[in-house]
Amino acid sequence: MYSDQKIYAAKSGDRPLYLLPGKANRHGLIAGATGTGKTVTLKVLAESFSDAGVPVFLADVKGDLAGMCRPGIATEDMQSRIARFGLENNGFDFRSYPTSFWDIFGKSGLPLRTTMTEMGPTLLAKLLELTPTQEDILNIVFRIADEEGLLLIDSKDMRSMLAYVADNAKEYSNVYGNINKASLNVIQRGIAALETQGGDVFFGEPALNITDWIRQDNTGRGYINILDSRSLINSPRMYATFMLWMLSELFEVMPEVGDAEKPRMIFFFDEAHLLFEDAPKSLLQKIEQVVKLIRSKGVGVYFITQNPKDIPDGVLSQLGNKIQHALHAYTPADQKGLKAAADSFRVNPAFKTIDVLQELGTGEALVSFLQEDGTPGMVERAKILPPQSQMGPIDDSVRDGQVKGDMLYFRYGTMVDRDSAYEFLNRRNLELARQAEQQAKEEAERKQAEKEQAAAEKAAEKARIAAERAAEREQIAAEKAAEKARIAAEKAAEKEKAAAQKRTKTAIGNVAKSAAGTVGRELGKSIGSSVGGQFGKTLGGNIGASIGRGLLGTLFGK
């Protein structure tokens, strides 16, 4: 709870332990084994920061932080705890807190989105687990998009951009160096896999304006922004990259404030080991760099995890405010971690830290907050205060009412798909397809015209040849007919000539025959009368006539 301009978080014996708001941006750690009270500690600090007017962001990985939007319930156990701390007359009351629910998947809170451009190639490469060479190519893709004015908003924009670069890889390789299509294919597959993990809804618009988290209600209390991470936690790489993106975005947006009276905002990262587990060295360096530098922006980062060893030394050394719940050591490695955790505190001569660390009960912790001069306070064994809001989850109907009643619902509730790389490249591809279709049509028409012209020329040539052949045939036929007619005429003439000759011969023969008959008759008569009188004359005349006709007939062919 917030008291006397300080955050009253725990009590050691009769002495309250305060986290100083002016030192809250020096970051912090809440650690301890499962069931030791880390979630309650987180709630108490978050509520206190809210009461101090400091906005809070926290990741709810189990769903049991949602009750902060409802007042706590005065159970018998809670009443006894309140009495134990002497809070009855010290301003403690059950209350709800101004709460905004967020969800990357848009199911249990306001949709939380960013754009591909805002994520940038460096974090996106980490999210996709790309090799250095593949990351270089992704940088080139972003650069091409920027130079050609193509907005990279959502995952389909990135897929379209990768396909566009692949189609023009040869051209771009001449400018930017070799662009390996195999690497582009790896990135494409990574984007597709990211979409199945929720990237299709996380990347989009309206993108989160992170300053919308830095707001207060009408009583001056800071809003508590709760990210529903129950599904997100199943994608550790996306969870880690998202958290790092938020810090990077805050670092870019927030102005320098130095050591202010209280922080501008506080982040609680539950299951912090997921930020660092299997993270490449470059990502760890980026996280360490952001944690170191973001303090000057007035932002405090608090990691919640089971064991301090989950946090890299470079980050752990930046965490000035520590609340360490019980740790158990069952193996040599656990014992080593236990000793390291104990040694990280400023020694309290009243007890041996490593022993107490194993004796702490639920709700108890070893606490060390930074003092006014910035040095760590001596470690104290303390009990954490009870929260003022409801413990545990809330009904879906309550959550839905909170989400739809949030003033930011009208800004982020509906996704907007504006004109970007996907639409531009689609139009470009359609236009290229239309041009290709038109060219193909014109080419087909040209070929058809050429084909028709060739067919016409062929038909004309064929007709010409047919006409020539017909003329030749007609000429030959005419010549044959003429020759035939000539031969027929010659034959007719020869026949007529022969007939005329025959007629002439016949006529001559007839004349000669007649004459020969007359001569023969007269000669026969002369001979016959000499021999036989009148009878002899007649007989001789007939014989003579026959002989004369016969001789001349033979001569003239008759």
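Is Phe276 buried or exposed, and what is its relative accessible area? Phe276 is buried, with a relative accessible area of 8%; here buried means under 20% relative accessible area, exposed means over 50%, and partly exposed lies in between, using a 1.4 Å probe and protein chains only. The model is predicted, so local features need pLDDT of at least 70 and side-chain atom pairs count only at pLDDT 80 or more, while totals for chains, interfaces and linings use all residues. Residues are numbered from 1 along each chain as its sequence is written, and side-chain values use heavy atoms, with hydrogens and water left out.

Aromatic rings make a friendly place to start. A pair of aromatic rings is described by the distance of the centres and the angle of the planes. Rings of Phe, Tyr and Trp (its six-membered ring) pair if their centres lie within 6.5 Å; planes under 30 degrees apart count as stacked, over 60 as edge-to-face and the rest as tilted. By this rule there are 20 aromatic pairs. In one of them, the ring centres of Phe276 and Phe303 are 5.9 Å apart and the planes stand at 55 degrees, so the pair is tilted. Phe276 belongs to helix 9 (residues 273-276) and Phe303 to strand 10 (residues 299-305), so the pair ties together parts that are 27 residues apart in sequence. Helices (H or I, at least four residues) and strands (E, at least two) are DSSP runs, numbered from the N terminus. Phe303 is buried too, at 1% relative accessibility. Ring pairs also join Phe57, Trp102, Trp213, Phe267, Phe269, Phe276, Phe303 and Tyr412 into a cluster.

Charged side chains meet rings as well. A charge sits over a ring if NZ of Lys or CZ of Arg is within 6 Å of the ring centre and within 35 degrees of the ring normal. Arg215 lies over the face of Tyr223, at 3.9 Å from the ring centre, and Lys297 lies over the face of Phe251, at 4.8 Å.

The expected span of a helix is 1.5 Å times one less than its number of residues. For the 13 residues of helix 5 this gives 18 Å, and the end C-alpha atoms are 18 Å apart, which agrees. Helix 5 is mostly covered, with ten of its 13 residues buried; among them are Met158, Leu162 and Tyr164.

Next come the cavities. On a 1 Å grid over the protein atoms alone, a cavity is a set of points where a 1.4 Å probe fits but cannot get out, and lining residues have an atom within 4 Å of a point. The structure holds two cavities of 30 Å³ or more. The largest cavity has about 50 Å³ of space, and its lining includes Ile153, Glu205 and Arg418. The second largest cavity has a volume of about 30 Å³, and helix 1 (residues 38-51) gives the largest share of its lining, three residues.

Some backbone details complete the picture. Glu205 and Pro206 are joined by a cis peptide bond, with omega of about 5 degrees. Gln5, which is not a glycine, has a positive phi of about 65 degrees, and this residue is exposed, with a relative accessible area of 57%. His27, also not a glycine, has a positive phi of about 70 degrees, but His27 is buried, at 1%.

Conventions: 1 Å grid on protein atoms, 1.4 Å probe; cavity = no way out; pocket = protein on both sides within 12 Å on 5 of 7 lines; lining within 4 Å. Points joined across faces, edges and corners; volume = space filled by probe spheres on them.
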